[in-house]
Amino acid sequence: MNPQATLLENVPMSRQTAWRAGGVARFGYAPSSEEDLSLFLARHSFSDLPVVFVGLGSNLLVRDGGLAALVVFTHRGLSKLSILGHGVDALFYASSGVALPKLARFSANMGYEGAEFMAGIPGSVGGALAMNAGCYGSEVWDCVQRVRTITANGEIKERPVSDYLVGYREVSPKHEGKEFFIGAWFGFVAGDGQKSRARISELLKRRVREQPLSKPNSGSVFRNPDGDFAARLIESNGLKGRSNGPAVVSDKHANFIINNGDATAKNIEDLIAEVQSEVECKSGIRLKREVHIVGDHL
Ligand SMILES: Cc1cc2nc3c(=O)[nH]c(=O)nc-3n(C[C@H](O)[C@H](O)[C@H](O)COP(=O)(O)OP(=O)(O)OC[C@H]3O[C@@H](n4cnc5c(N)ncnc54)[C@H](O)[C@@H]3O)c2cc1C
């Protein structure tokens, strides 16, 4: 059953983001379904405020001064997940609030292979479409067949992959006008579900070994530069363990910044800038941020 739709004011984004830091969003809407969201956006005017979509907040920092926006929280209500057709022609439809690990397990349980890499990425389908999330040599858009989008006025559209320029952790539409992802059709390979489940558990163990998962973090802070790794550059410049208050460059994985207590968004953002500038100064390489930072300074 779908949850009730809710409209909230002054939503603390520290509870909605993986870093557990940051200010409040002016308004938050958690739709109960894609159709509900469409009606809500068509009927309500927040014309002076931008619309921002948030999935599981695993790649997002909201500054301490907050976000003057209507934030659409997709992860509770935009939860449709189904398989259409069967055999080699089957397509999987996932609404944008579905967690990637859920999609990976669903695909494996249906006897398909190819979604395993998604199992350890703690984001939503919508966030992954916006970022072209990926790991271990695969990216989400490799599997996308078509997407469903919505405008800030609630108009729903379907678009082919060819409507987007897709790159490494980067997706830009070729069309004019802002649209958000509300779902996508994925194609996976009909195969061996048991093999897929075994691969998922192998990849999850690898993450536990390599990543500081016991403390709030946002995954990789920087993208890897061509032919190198951001973590290697950060570590080789002696920045592991560097801190700014409770924000700390992880000892376990140098491209992760953990919140070791009650870090503010400013603690984290300043530490990101410090790492970026020291790596550039010592190695001549300007690391590009992977995490998205939005909102106002205090
Ligand atoms: C422990 C850990 C490990 C991680 N490992 C990986 C990894 O291996 N590979 C990887 O790529 N990432 C990784 N990440 C980062 C993150 O999980 C991914 O980028 C994920 O795709 C973000 O999804 P989200 O739902 O959390 O997005 P959010 O953080 O909620 O949003 C990210 C951005 O996408 C936008 N957005 C969200 N939903 C939509 C939508 N429906 N339509 C349009 N825009 C939208 C937001 O406005 C924001 O700009 C990791 C993060 C953590 C914490």
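Biologist: How many bridges join strand β2 to β5?
Modeller: Four bridges join β2, residues 24–30, to β5, and the two strands run parallel. Keep in mind that this is a predicted model.
Biologist: Thanks. Which residue in β5 is the bridge partner of Phe-27?
Modeller: Phe-27 has Leu-70 as its bridge partner there.
Biologist: And in what sense do β3 and β5 pair?
Modeller: Parallel again for β3 and β5, over four bridges. In that pairing, Phe-73 of β5 stands opposite Val-54.
Biologist: Is β5 enclosed or open to the outside, and why?
Modeller: Largely enclosed by the rest of the structure, because six of the seven residues in β5 (67–73) are buried.
Biologist: Let's switch to the ligand. Which residues come nearest?
Modeller: There are 32 residues around the ligand, and the nearest are Gly-55, Gly-123, Gly-126, Gly-127 and Gly-219. The elements giving two or more residues to that shell are β3 (51–54), α3 (125–131), β9 (134–135) and β15 (179–186).
Biologist: Which of those gives the most?
Modeller: That's α3, with five residues.
Biologist: Where does the ligand sit relative to the domains?
Modeller: Between domain 1 (6–73) and domain 2 (81–210), since both of them give residues to the shell.
Biologist: What does the domain assignment give for the chain?
Modeller: Besides domain 1 (6–73) and domain 2 (81–210), the assignment gives domain 3, covering 230–294. The centres of domain 2 and domain 3, taken over C-alpha atoms, are 29 Å apart.
Biologist: In what order do the strands of the three-stranded open sheet come?
Modeller: The order is β17-β18-β19, with antiparallel pairing. β17 (243–244) and β19 (257–259) stand at the edges with a single partner strand each, so one side of each has no neighbour in the sheet.
Biologist: How many bridges hold β17 and β18 together?
Modeller: Two, in the antiparallel sense, with β18 spanning residues 247–249. Asn-244 has Ala-247 in β18 as its bridge partner.
Biologist: Last topic: which residues have the most contacts inside the largest nonpolar core?
Modeller: Val-71, Met-118, Ile-257 and Ile-268, in a core of 79 residues.
Biologist: What does Ile-257 touch?
Modeller: Leaving out residues up to four places away in sequence, the contacts of Ile-257 include Asn-217, Val-221, Ala-247, Val-249, Ile-268 and Leu-271.

Technical notes. Residues are numbered from 1 along each chain as its sequence is written. This is a predicted model: local features need pLDDT of at least 70, side-chain atom pairs count only at pLDDT 80 or more; totals for chains, interfaces and linings use all residues. A residue is near a molecule or strand if its C-beta atom, placed from the backbone, lies within 6 Å of it. Domain bounds come from an automatic or database domain assignment. A nonpolar core is a set of buried Ala, Val, Leu, Ile, Met, Phe, Trp, Tyr and Cys residues joined through C-beta atoms within 7 Å. A residue is buried if 20 or more other C-beta atoms lie within 10 Å of its own, exposed if 12 or fewer, and partly exposed in between; C-beta atoms are placed from the backbone. Two residues are in contact if their C-beta atoms, placed from the backbone, lie within 7 Å. Two strands pair if DSSP finds at least two bridges between them.
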